[in-house]
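Reader: Please show me the model. I would like to go through the packing of its helices and its sheet.

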Amino acid sequence: MLKRKIYTELLKWKNESKGSSALLIEGARRVGKTKIAETFGENEFIAYKTIDFSVVSSDVISCFNDLSKIEIFFERLFLSLGINVLPKGSLLIFDEVQFCPKARQAIKTLVADGRYYYLETGSLVSIKENTTDILIPSEEESIQMYPMDFEEFLWAFGKEQLANCIKEAYIEKKKLDKKIHKDAMEMFQKYMIIGGMPQAIKDYI
């Protein structure tokens, strides 16, 4: 897993909200939204489950039409997913949530129930288009995720020290050593060619 700065913000959300809000990770396609959500779920929770609304069955989608009886809702949901009920305090990831607007609307009820944490992911354009007939709950926070910046790019190549040298020089407004500057420029040229998409960086490495 490539180290991403957004992970710190996910930890902050978990520790501060304690399940009182859901978090929507918005961003362009292929910036790593699903990967960071699943890594977060694996590292920080007793269990997690990803519901990818772009591929799930109509049975799963239909579960979100009626949340009047929350126990029955969860029974139907986990049966439709073909998994055992998750323990309390687990994380449910609503991946590509723009394909099921009613799942976003359900967040108010689900958060109030209190048994799980909820992360949502969605692509920017589709998220904005698919909100016409639903009420976006106030219990939903949102955060933007972008392609990897140059510092994250350096981390991916194991060059944390070079990143620290650049940061220190910037803060102290001093010149880099010539050798360090040469290394930094070589890496920056690579960054300009490869870009910040995680999969492209992983493939290059």
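Author: Helix α1 (residues 6–17) packs against α2 at about 55°, and their axes are 11 Å apart. Helices (H or I, at least four residues) and strands (E, at least two) are DSSP runs numbered from the N terminus; axes are lines fitted to C-alpha atoms, for helices over the stretch in contact, and angles run from 0 to 180 degrees between N-to-C directions. This is a predicted model, in which local features need pLDDT of at least 70 and side-chain atom pairs count only at pLDDT 80 or more, while totals for chains, interfaces and linings use all residues. Residues are numbered from 1 along each chain as its sequence is written, and side-chain values use heavy atoms, with hydrogens and water left out.

Reader: Which class does the angle put α1 in relative to α2?

Author: The packing angle is about 55°. Angles under 35 degrees count as roughly parallel, over 145 as roughly antiparallel, 65 to 115 as roughly perpendicular and the rest as oblique. Therefore α1 is, relative to α2, oblique.

Reader: Which residues of α2 does α1 meet?

Author: Contact means heavy atoms within 4.5 Å. From α1, the residues involved are Ile6, Tyr7, Leu10, Leu11, Trp13 and Lys14. In α2 they meet Ile36, Thr39, Phe40, Asn43 and Glu44.

Reader: In what order do the strands of the sheet stand?

Author: Two strands pair if DSSP finds at least two bridges between them. The pairing here is parallel, and 5 strands form an open sheet. β2 (48–52) and β5 (140–145) each have a single partner strand, so one side of each lacks a neighbour in the sheet. The order is β2-β3-β4-β1-β5.

Reader: Which residue of β4 stands opposite Leu24?

Author: β1 (residues 22–27) and β4 (residues 117–123) run parallel and are joined by 5 bridges. β3 also pairs with β4 in the parallel sense, over 4 bridges, and Phe94 stands opposite Glu120. Opposite Leu24 stands Glu120.

Reader: How many residues of β4 are buried?

Author: Buried means under 20% relative accessible area, exposed over 50% and partly exposed in between (1.4 Å probe, protein chains only). One side of β4 carries Tyr117, Leu119, Thr121 and Ser123, the other Tyr118, Glu120 and Gly122, and both faces are covered. β4 is thus largely enclosed by the rest of the structure, and the buried count is 7 of the 7.
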